[in-house]
Amino acid sequence: MNRETVLLISDIHTNYHVINAQIEHAEESCGQPISQVFVLGDFGFFGDELHDYFRRRQNSFLRPVFCIEGNHEDHGALQKLTAKYADVVSHLQRGAVHSLGPWKGLCMGGARYMDILSTPRGCEITADDIDACLAHSPDEVDLVLSHDCPKGLGVPGALELEYYDAPGEPLLDCLAEHFHPRWWFFGHHHRWFDLQKDGTRYMGLPQSWVGYVLLHDGGEVEIVHHAVPIESPSWWKRMLGLR
Ligand SMILES: [Fe+2]
């Protein structure tokens with residue numbers, strides 16, 4: 001009997017081809033199909049790039065893909081774009097509970113405010129988002145899927161961004177206290193991170209083209225380092241936080 005395996009990945013930044021490349025790599029190494037992919041934000045909801053890749057060039061994903069939003073999305077058009085490309089990727093609202101095989105994952109897109117370029121209006125995590133999550137009882141949730149992470153985990157700040165406070169959103173700490181999840185997966189900080197704290201295993205994922213995590217239905221978590229080539233983004237897109 002096939003085991004159910006979920007591929008967790010983060011920070012696509014419009015390099016949509018990386019998702020299929022990592023699916024193919026995972027399936028080759030597991031010897032069985034991946035049941036679904038979950039993107040932990042910064043998928044790259046930008047109208048021109050989505051249109052070019054999925055409509056003009058007619059690409060599609062090999063397996064069902066779900067996601068939460070990060071900060072590097074067009075937040076002004078997010079609702080419209082997630083509806084328009086729902087055939088490509090299923091976007092999950094903050095506070096939604098999503099099934100990953102036998103596991104129930106609480107979804108929390110968005111990020112802590114950093115600056116006007118990297119944190120567009122609408123991406124910040126609010127007290128209302130936290131309330132939507134706390135409406136669930138702890139036994140409804142096995143794990144948390146977020147873009148940013150709780151504060152105080154010791155995730156190192158990004159190089160050249162040391163002038164920001166320590167990484168993490170303090171509002172997320174209430175979720176750890178309420179749910180005591182078995183796992184907490186996040187992206188955003190562009191580095192691998194692995195910490196066991198108060199019964200929760202916190203795992204930070206790097207950019208999608210660096211590697212991914214497999215979550216097996218028996219509860220094993222596998223960290224996979226696998227590089228996929230990408231085009232380097234133009235300097236002005238990087239400057240404007242578009243990639
Ligand atoms: Fe991000």
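**Ground rules.** I number residues from 1 along each chain as its sequence is written. Because the model is predicted, local features need pLDDT of at least 70, side-chain atom pairs count only at pLDDT 80 or more, and totals for chains, interfaces and linings use all residues. Helices (H or I, at least four residues) and strands (E, at least two) are DSSP runs, numbered from the N terminus.

**Entry 1: the sheet.** I looked up the strand order. I found 6 strands in an open sheet, ordered β5-β6-β7-β8-β10-β9, with mixed pairing. Two strands pair if DSSP finds at least two bridges between them. β5 and β9 (193–197) are the edge strands, and each pairs on one side only. From one strand to the next, the twist averages 20°. I noted the background too: strands of a sheet pair through backbone hydrogen bonds, either parallel or antiparallel.

Entry 2: Next I took β5 (residues 97–100) and β6 (residues 103–108). They run antiparallel and are joined by 4 bridges. H98 has G105 as its bridge partner in β6. For S99, the bridge partner in β6 is K104.

**Entry 3: L100.** I stayed in β5, where L100 lies. Is L100 buried or exposed? L100 is buried, because 22 other C-beta atoms lie within 10 Å. The cut-offs are 20 or more such atoms within 10 Å for buried, 12 or fewer for exposed, and partly exposed in between, with C-beta atoms placed from the backbone. I then listed its contacts (C-beta atoms, placed from the backbone, within 7 Å). Leaving aside neighbours within four places in sequence, they are V6, F38, G105 and L215. L100 and L215 are 115 residues apart along the chain, yet their C-alpha atoms are separated by 8.5 Å.

**Entry 4: helix α4.** In α4 (residues 127–134) the buried residues are D129, I130 and C133. They sit on the same side of α4, because they cover an arc of only 100° around the axis. That arc is taken from the directions from the helix axis to the C-beta atoms. The buried residues pack against β6 and α5 (173–179). On the face turned away, I found the exposed residues A127, D128 and D131.

**Entry 5: the core.** The largest nonpolar core has 57 residues. Such a core is a set of buried Ala, Val, Leu, Ile, Met, Phe, Trp, Tyr and Cys residues joined through C-beta atoms within 7 Å. L8, F38 and F185 have the most contacts inside it. Not counting residues up to four places away in sequence, L8 touches several residues, including F38, F185 and L215.

Technical notes. Two residues are in contact if their C-beta atoms, placed from the backbone, lie within 7 Å. Axes are lines fitted to C-alpha atoms, for helices over the stretch in contact, and angles run from 0 to 180 degrees between N-to-C directions.
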